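Please look over the model shown here before reading the report on its fold and packing.

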Amino acid sequence: MGSEKELQVIDYVLVCEKNTVQPYSRQTLDFLREVKGAGLTLDPDPDRQQAETLRNGEMEHDDNKPKEQNQIIKIYAPFEVLSQAAEKMRLKMPLDVQIDDTPTTGLSYVLNYLHTDNEENYFSAPYKHDKQTLFKGIENKITFFRPAVRSLIVHHILNHIQMPIENQEERGEPNEETGMCSVQISNTKKGCGKEGGAVKYIPALPYLLMKKEFKAAFTLHEGPEEETIASSAQENGDCENRWSELHKLWAGTYRYQPLWKIRNYFGEKIAFYFAVMQTLFLSLFLPALIGLLIFIYGLYQSISCSNAYSDLNTFLYGQKCSIVCSTPNMTSEVIDEAVDQIRHCDNVAGRRRNIERIINQICATVTQTDCFFQIPSDDVFNVIKSSFDNAATPIFGLIICLWGTIFLEIWKRKNAELVYEWDVENYENDEIVRPEFCGTEPDPITGEPEAFYPARRRQLKAVLSFSVGVIMVGCVFISVLAVVIYKTWARFRVTTRNSFESFLLTTIVSSLLNALSISILGKVYHVIAVKMTDWENYRTQTDYNDALIIKLFAFEFANNYSSLFYIAFLRTNNEQFFTSIGLPGLEDNCGELNNCMTELCFQVLTLMITKPLPKFINDVIVPWLKKLMNRFCNGRKKSLSQRNCSKVDENILRDYNKLDLGDFTLEEYTEKAIQYGFQVLFAVSFPLGPLIFFLTIFFDIHVDANRLLSMYKRPIAHMAQDI
């Protein structure tokens, strides 16, 4: 079982509601006994606690005695259990053979301050329990498995404990009551029932969490004051508080990401996310700087063009209206000379048409003896709008195309480097079966049940999932069409002399409506996609993630970019459509200058600002408010479970009150991939896009670091081979 020293690391925590009559239900007690049977140690021991409660039943019924609300069950994993499970999971561990460091250069000394990783890299091999002496650090069994691996092994053990279930009608399909799948196991193997019979089992821990038998199951943060490692080990310098080190080097500073330390504490899956964010952040510096310079250049050009209109009106004011209007050739000559005054402005052809229209309109409607020519110049708002589209934007578009390709190649190289250094190049080949996987089939040689699900059945389910996705994409197109109708109606029916008010009621409001529609449809389809992927029943977590990612990214592409593609390529010659829906005389076009770049620019800007807002509210504001509420409530009246508990139990309750993180990487990758698409596809219309993306990643990295370390429960340290 292991010595007392080995049992001083709390590897997992279960929290259930305290019952003074009977501490645990029958199913919960059976599960805890299975946990003990797997070699893990529980504190308190459930059988001993159950017996003590039954002996002292009358005392427990005393109504005047205050009752504890939560029962905390601490789980300790002895080294022998971890060692045997690591071999079954085919985990790789470092051998006692160090890889030579790369030679240092002058640049490495300059950048030494920015680097935060100082871990040594060793050759690795699949772990073998009977050859453990070959591996690095085996002399200290407490710290041999890094925190991420310890939590992953214990999570694997707990989630692969099965419990019997009834009403399983069809093999390989979820139970109607539990929503989970059973595995048929011989009774003789489980040691129960009659000889040769069969009992069907499901994963016990997810089922008990679903039934609220357990209120929470999580791993602990080490925390700034948490004592989960033996004090003797700390005195000998064999371990250190990884939480405090991460908080110091990661959340509390602006340096390179400590990828190795993140990997050791949170696992490879989360570490890969921060690796790609660091690569993307560094690669964005040059496009962000160039985009800012191009915007400044465009602003200078726009201001110069606005000043040129003053010279234009001075020239036109000197022309005699009666002569110009009565002489056709004179009119064209005046227009040509007027256009020469604004030759350096953008979209000269459109501006010429606008000057012709105004001069002809004045000649036709105003008394020629009293008239004079004046072309309205751009106000401040229009100057800013026109500054985004200038002669340098095509060059910027080429730079962005090159940046997008170069970034992907840089990341491929970095990914291959990390995969090799972290020894996960064969992880997907050795990946174990998901506990939620449904379906078994007897092995033709041994007769033992093996994980199997017919490929044809999964393909049929995938076709149905695709059909649902097509329907949801149709809803996206309908929402875009509704926004277009509103914008066109508002532009023609709402009259205002203020250009900013007009732009606000048409472009800005329609962009906000489109962003709201994108957010709602994205949330709805995310729920549908998860349920459809669960139904498709994938064997490994990687296969499951790949299928879910394909669904989400295909939908998000249509959901986020359809309105932008419409503005950029389809916004013309649609008068017949509006006539067919009962709105004759309306046409959604690009205005007098036939320039859709301004509309596209503000649509991109609106989406880039509004897309991260729900995430910011959900990930930062809500946990912060919940933390304040808990602190306020606990300050006024502490519960008995907090007054009478130890320091370790207080830390456990502190983590218990935090929110669950959920699928952190999937949400973050989806958000960043959408933002990356905005840059690659539409940054030419909005040169400040890369700068906003650069700042978003800069702040997001540090917000996510604080979320992971302080605001949320510690996530399970899943492994991964790529992003």
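## Basis of the values

This is a predicted model, in which local features need pLDDT of at least 70, side-chain atom pairs count only at pLDDT 80 or more, and totals for chains, interfaces and linings use all residues. Residues are numbered from 1 along each chain as its sequence is written, and side-chain values use heavy atoms, with hydrogens and water left out.

## Overall fold

The protein has 29 helices and 11 strands, taken as DSSP runs (helices H or I of at least four residues, strands E of at least two) numbered from the N terminus. Of its 723 residues, 48% are buried, that is, under 20% relative accessible area with a 1.4 Å probe, protein chains only. Among contacts (heavy atoms within 4.5 Å) with a separation of 6 or more, 77% join residues 24 or more positions apart.

## Nonpolar cores

A nonpolar core is a set of buried Ala, Val, Leu, Ile, Met, Phe, Trp, Tyr and Cys residues joined through side-chain atoms within 4.5 Å. The largest has 129 residues, and F31, F145, I153 and W250 have the most contacts inside it. A second, separate core of 23 residues includes F315, A338, C363 and F373.

## S83 and its surroundings

S83 lies in helix 4, which spans residues 79-88, and counts as buried because its relative accessibility is 0%. Leaving aside neighbours within four places in sequence, S83 is in contact with Y127, H129, Q132 and F145. The side chains of S83 and H129 make a polar contact at 2.4 Å, a term for a pair of N or O atoms within 3.5 Å where, within protein, one must be able to donate a hydrogen and the other to accept it, and where residues adjacent in sequence count only if both atoms are side-chain atoms.

Technical notes
Buried means under 20% relative accessible area, exposed over 50%, partly exposed in between (1.4 Å probe, protein chains only).
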